[in-house]
Amino acid sequence: MTGHVYKSTGSWYTVKTQLGDFYQCRIKGKFRIKGIKSTNPIAVGDIVDFEVETNSDEVSGVIYKIHDRKNFIVRKSVNLSKQTHIISANIDQVFLLITINNPPTLTSFIDRFLVTAEAYSIETVLLFNKIDVYDEDTLLEVKYLAHVYRKIGYECIGISAKTGKNIDKVKALMKDKVSMFSGHSGVGKSTLVNAIERNLNLKTKEISSLHMQGQHTTTFAEMFDTSFGGKIIDTPGIKGFGVVDMDKEEVGDYFPEIFALKQDCKFNNCLHVQEPKCAVKAALDNNEVEYSRYRSYLQILQGENEHYRTDDWDNE
């Protein structure tokens, strides 16, 4: 039988067949030793073949084949730095939730996520959540960030998962597509999913007042069907986003504004760091390339971790 993986808990997978039946499946051991370096050889969104088996009164399945993926979102595993973790597969678009505070979303996190999505040709929409609770200064910061990313081609929408502001715009973009929702813990992913599809009633938690960080609500990635057509993939909150190893020469290709300028550099293999007659550096000096984006580029190029906040830009 063939089905779509709707939930992954690490050892068991919930698979939905084309007829709409759900099976709890496990995988054959050989998947673990086939050279797959991911911590999870099968991810939500995968299409798999499985055999049904009956043990006493329980019916389950054994997955024996993973169909080729059209794309996937992957990051470095937090605990096993040499391994990667596939967040989900076969996605039409990603909605990245961003909050300025409560909890803060780092621009370096945004940029690392976008680079990975660009590498796998996955369209990303930036959702600036919780705009109903921001003061005037914070709303100005939202507008500035949205301007930065709109200028390079990303759609940005200010939303409130609690009040429902602009949720209709998000739903319109989701129709008949597989949409993944991602972001830090506490940015409101589950609240947003509940606002989009109210009968799901996903669990939500309040922000930790001590550290202003989100608490994990979603433990495992899970896919849901919507009543208006399309699918939602809700994912666990991500603290940091480790970019999977890329050749230095290709990193700039996943920054649209850098990619657009590279042909004007003097050297074909320009890394836009210290090379003479670099079009990217010239654009940076002329404020045509945002410094926060260029800094993210350098961090990825040099293999550094994310470490600065959105409100640190003007402090250097």
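1. A search of the whole structure finds ten salt bridges, a salt bridge being a side-chain nitrogen of Lys or Arg within 4 Å of a carboxyl oxygen of Asp or Glu. The model is predicted: local features need pLDDT of at least 70, side-chain atom pairs count only at pLDDT 80 or more, and totals for chains, interfaces and linings use all residues. Residues are numbered from 1 along each chain as its sequence is written, and side-chain values use heavy atoms, with hydrogens and water left out.

2. One of these salt bridges joins the side chains of Lys 16 and Asp 225 (2.5 Å, N to O). The pair links distant parts of the chain, 209 residues apart, with Lys 16 in strand E2 (residues 13–17) and Asp 225 in strand E12 (residues 222–225). Helices (H or I, at least four residues) and strands (E, at least two) are DSSP runs, numbered from the N terminus. Lys 16 counts as buried at 19% relative accessibility, whereas Asp 225, at 29%, counts as partly exposed. Here buried means under 20% relative accessible area, exposed over 50%, and partly exposed in between (1.4 Å probe, protein chains only).

3. Glu 53 and Arg 26 also meet through their side chains in a salt bridge (2.6 Å, N to O). Glu 53 belongs to strand E4 (residues 47–55) and Arg 26 to strand E3 (residues 22–27), so the pair ties together parts that are 27 residues apart in sequence. Glu 53 is partly exposed, at 23%, and Arg 26 is partly exposed, at 33%.

4. At the start of H2, a side-chain oxygen of Asp 135 reaches to within 3.3 Å of the backbone nitrogen of Asp 137. After the helix comes Gly 153, with a positive phi near 110 degrees.

5. Thr 138, Val 142, Leu 145, Ala 146, Val 148 and Tyr 149 are the buried residues listed for H2. Viewed down the axis of H2, the buried residues fall within an arc of 155 degrees (taken from the directions from the helix axis to the C-beta atoms), so they line one face of the helix. On the other side, Glu 136, Asp 137 and Lys 143 are exposed.

6. Glu 290 lies in the loop between helix H7 (279–285) and H8, so the pair ties together parts that are 139 residues apart in sequence.

How values were computed. A polar contact is a pair of N or O atoms within 3.5 Å; within protein, one must be able to donate a hydrogen and the other to accept it, and residues adjacent in sequence count only if both atoms are side-chain atoms.
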